[in-house]
Amino acid sequence: MDPDKYYPFKAAPLAYDIKALCPDISEYTMYFHHDKHYCGYVDKLNGLIKNSPLMQNIPLEGLAMLDDDDIRKNAGGVYNHEMYFSSLTPQYREPSAKMIKKMNESFGSAEKMMSSLAGAAMDITGSGWVWLAENRNGRLEILVTKDQDIIDPDKYSPLLNIDLWEHAYYLDRQNRRNEYIQAVMNSINWIGAENRMKDI
Ligand code: MN
């Protein structure tokens with residue numbers, strides 16, 4: 001996940017096999033989500049700015065914060081999905097002692113942080129994202145964004161996100177969003193999240 005990359009954008013391959021998260025997230029879901037939805041955002045974003053040297057000089061993160069609806073939406077679609085796929089891992093490891101300490105300081109306990117994250121994911125209406133982020137005071141916060149909006153990079157370092165668009169789970173789970181959220185919680189890449197922390 002590189003927020004500073006520039007046009008022409010290239011789709012990042014999955015860091016794990018497309019079947020690696022089965023049965024939590026099926027190959028079928030991962031194929032449509034990565035190869036169709038995410039790659040579609042990459043293609044649309046490239047198409048939108050192919051004739052605009054001005055836009056080509058703005059990094060992905062900046063494009064995802066623009067007022068232009070089409071560019072913002074598609075840049076956000078690229079940014080958010082790259083964060084999402086790298087927020088998951090087939091080799092789950094518990095958060096490190098350093099991350100647990102940070103969770104304790106910010107939420108009282110790791111369990112409270114986990115239940116707040118899952119609860120925020122359950123509570124989203126419409127399409128959107130839940131984030132675990134580190135604020136500029138070094139505290140962890142749970143944030144929600146709508147559609148393909150990103151979190152403000154001037155205020156937060158994103159550590160991980162969860163996709164709550166229906167395409168993320170409907171093929172596998174239909175209306176059982178709680179099962180999908182549990183599947184994601186069992187697959188969070190805590191090492192990747194920790195590597196994104198600035199206050200270490
Ligand atoms: Mn998605």
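1. To start with a term: a salt bridge here is a side-chain nitrogen of Lys or Arg within 4 Å of a carboxyl oxygen of Asp or Glu. By that rule the count comes to 8 salt bridges, and 1 salt bridge is found across the interface of domain 1 and domain 2.

2. Before going on, a word on what you're looking at. This is a predicted model, in which local features need pLDDT of at least 70 and side-chain atom pairs count only at pLDDT 80 or more, while totals for chains, interfaces and linings use all residues. Residues are numbered from 1 along each chain as its sequence is written, and side-chain values use heavy atoms, with hydrogens and water left out.

3. On the domains: the protein chain splits into domain 1 (27-86) and domain 2 (97-195), with bounds that come from an automatic or database domain assignment. Their contact (heavy atoms within 4.5 Å) takes 19 residues from domain 1 and 20 residues from domain 2. The C-alpha centres of the two domains lie 20 Å apart.

4. How much area is buried between domain 1 and domain 2? It's about 1,700 Å², and carbon and sulfur atoms give 61% of that. Buried area is the accessible area (1.4 Å probe) that two parts lose on being put together, summed over both. On the domain 1 side, look at Thr-29, Asn-80 and Tyr-84: they supply 33% of the area that domain 1 buries against domain 2, more than any other three residues.

5. Now the core. The largest nonpolar core has 60 residues, and Leu-117, Leu-132, Tyr-180 and Trp-190 have the most contacts inside it. Domain 1 and domain 2 both give residues to this core, so it lies between them. A nonpolar core means buried Ala, Val, Leu, Ile, Met, Phe, Trp, Tyr and Cys residues joined through side-chain atoms within 4.5 Å. Buried is under 20% relative accessible area, exposed is over 50%, and partly exposed is in between (1.4 Å probe, protein chains only). Setting aside neighbours within four places in sequence, Leu-117 touches residues including Val-130, Trp-131, Leu-132 and Ile-142.

6. The metal site is worth a look. His-33 (NE2), His-81 (NE2), Asp-163 (OD) and His-167 (NE2) coordinate the manganese ion at 1.9 to 2.2 Å. Donors are N, O and S atoms within 2.8 Å of the metal (3.2 Å for Na, K and Ca), and water is not among the atoms, so sites may look incomplete. Helices (H or I, at least four residues) and strands (E, at least two) are DSSP runs, numbered from the N terminus. His-81 is buried at 0% relative accessible area, and Asp-163 is also buried at 0%.

7. Back to the charges. Arg-72 pairs with Asp-149 at 3.6 Å between the closest N and O atoms, and with Asp-69 at 3.0 Å, N to O. Arg-72 and Asp-69 both sit in helix H4, 3 residues apart, about one turn of the helix. Arg-72 is partly exposed, at 24% relative accessibility.

8. One more pair: Lys-102 forms a salt bridge with Glu-134, closest N and O atoms 3.3 Å apart. Lys-102 lies in helix H5 (residues 97-107) and Glu-134 in strand E1 (residues 128-135), so the pair ties together parts that are 32 residues apart in sequence. Are these two buried or exposed? Lys-102 is buried at 5%, and Glu-134 is buried at 1%.
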